[in-house]
Amino acid sequence: MKEDTKLVMAGRDPEQNFGIVNPPVYHASTILFPSLDALKDFRHKRVAYGRWGTPGTHAFEDAMIEIEGGEKCLITPSGLSAISTALLSYLKPGDHLLMVDNTYEPCRRFCNGFLASLNIETTYYDPLINDRIGQLIRPNTKVVYCESPGSLTFEMQDIPAIAKAAKDNGTSQTDIVVMMDNTWATPLYFKPLEHGVDISIQSITKYIGGYADLMLGTVVCREAHWPAVDETRKQLGLSVAPDDVYLAQRGLRSLSARLRQHGTNALKVAQWLEQRPEVKRLLYPALPGDPGHAIWQRDFSGAPGLFSFILHDASYPKIEALVTGNKYLGIGFSWGGYESLLIPCRVSGVRTATKWQEDGALFRIHVGLEDSDDIIADLDIAFDRYHKAAHA
Ligand SMILES: *Cc1c(COP(=O)(O)O)cnc(C)c1O
């Protein structure tokens, strides 16, 4: 079955449901058992208590498992809780974590706060480290965490090389678990588990949700890594709303068509920006001139609509003028919905292993499903405002 067909078919079984095309939504806490004997056997039942899932949420788990090529899936209340749950599953007091330096910023906060308070030490590493990551591995290193391309600056990591180095440097008692935040590519454009990653993390909030109206995350892995994740989920009491999972399932059906259009539009906008004299640099692995282009081409099968660009002039009034007053480019957090967004981002404060060398102002743009000509016209007028704005 080809990928697009999988997105349409995965997790559906109309015959089990009166022929209705989509899996049903069940609102449930208590599940009744016919006898005490049956209740005693609850661990063997997939539907036993609301917090552990219903046929509706299991349908989305099954779909994600199929699309990622995994064996188990945990749905979490947000992308960030998918990250924290995965990390807590494999790190205990005294352990050591290798975290990529350009990780999603709230993840860094979790490492420096919660994990540090549990006496779990984090070493941030250069995203371009490749197999030299072996030199940073200690006897107590339990997790190597990746995100590629990284948040805001879009460096491409050599995931197979990092995963191999992690496996080669683990001892038999302390296998190193490789985790990856794959939110940018989605499992449609990159499959972590096929490239040496053990735990694949996705913020469903972004492209899979796809309509800027829900918060969810997933952790997908093979059987061998599931018991630790399952135990953490049970102890933390994570539970998700059935309606949100239904929406996520619906988003999945159109993921391929949407991503293709996001990617086409983004490439047009990026190529237009490349010609502008105000633009110093684009950060988008899909562009042939990008330093990560070769790895992107080798490992990924497409690019979505999110990238960054750097302008020469970093004065605040000019930044403010570029971002405020656009017709289509909204100002706000998150991305992956159908609509375009533009925000300025500060990088220097959120890198510690590497020094961010670029001066100038960095903007992250999410190119939506509007006509790319309209987005470009919006940016054209934005640059007029930018030029008129006085220096600070
Ligand atoms: C947004 C984002 C997250 C967190 O997802 P939420 O659903 O907002 O918690 C994690 N990783 C990346 C790369 C993100 O962009």
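## Two packed helices

Helix 3 and helix 9 cross in a left-handed way. This is a predicted model. Helix 3 spans residues 55-68, and helix 9 spans residues 242-253. Their axes come within 9 Å and cross at roughly 35°.

Which residues of helix 3 and helix 9 make the contact? Helix 3 supplies Gly56, Thr57, Ala59, Phe60, Ala63, Met64 and Ile67. Helix 9 supplies Pro242, Val245, Ala248, Gln249 and Leu252. By class, 9 of the contact residues are nonpolar and 3 are polar. None is charged.

## Around the ligand

A backbone N or O atom of leucine 80 lies 2.8 Å from a ligand oxygen. For threonine 205, a polar side-chain atom is 2.5 Å from an oxygen atom of the ligand. Tryptophan 335 has a side-chain N or O atom 3.3 Å from a ligand oxygen. On its own, the ligand has 380 Å² of accessible area, and the protein covers 92% of that.

## Backbone details in two loops

Serine 148 and proline 149 are joined by a cis peptide bond. Its omega is about -10°. Proline 149 sits in the loop between strand 4 (141-147) and helix 6 (159-169).

Where is phenylalanine 18? The loop between helix 1 (3-9) and helix 2 (36-40) holds phenylalanine 18. Phenylalanine 18 is not a glycine, yet its phi is positive, at about 60°.

Conventions:
Residues are numbered from 1 along each chain as its sequence is written. This is a predicted model: local features need pLDDT of at least 70, side-chain atom pairs count only at pLDDT 80 or more; totals for chains, interfaces and linings use all residues. Side-chain values use heavy atoms; hydrogens and water are left out. Axes are lines fitted to C-alpha atoms, for helices over the stretch in contact, and angles run from 0 to 180 degrees between N-to-C directions. Helices (H or I, at least four residues) and strands (E, at least two) are DSSP runs, numbered from the N terminus. A crossing is left-handed if the near helix is turned anticlockwise from the far one by less than a right angle, and right-handed if clockwise. Contact means heavy atoms within 4.5 Å. Ala, Val, Leu, Ile, Met, Phe, Trp, Tyr, Cys and Pro count as nonpolar, Asp, Glu, Lys and Arg as charged, and the others, Gly among them, as polar. A polar contact is a pair of N or O atoms within 3.5 Å; within protein, one must be able to donate a hydrogen and the other to accept it, and residues adjacent in sequence count only if both atoms are side-chain atoms. Accessible areas come from the Shrake-Rupley method with a 1.4 Å probe; for residues, only the protein chains shown count as cover.
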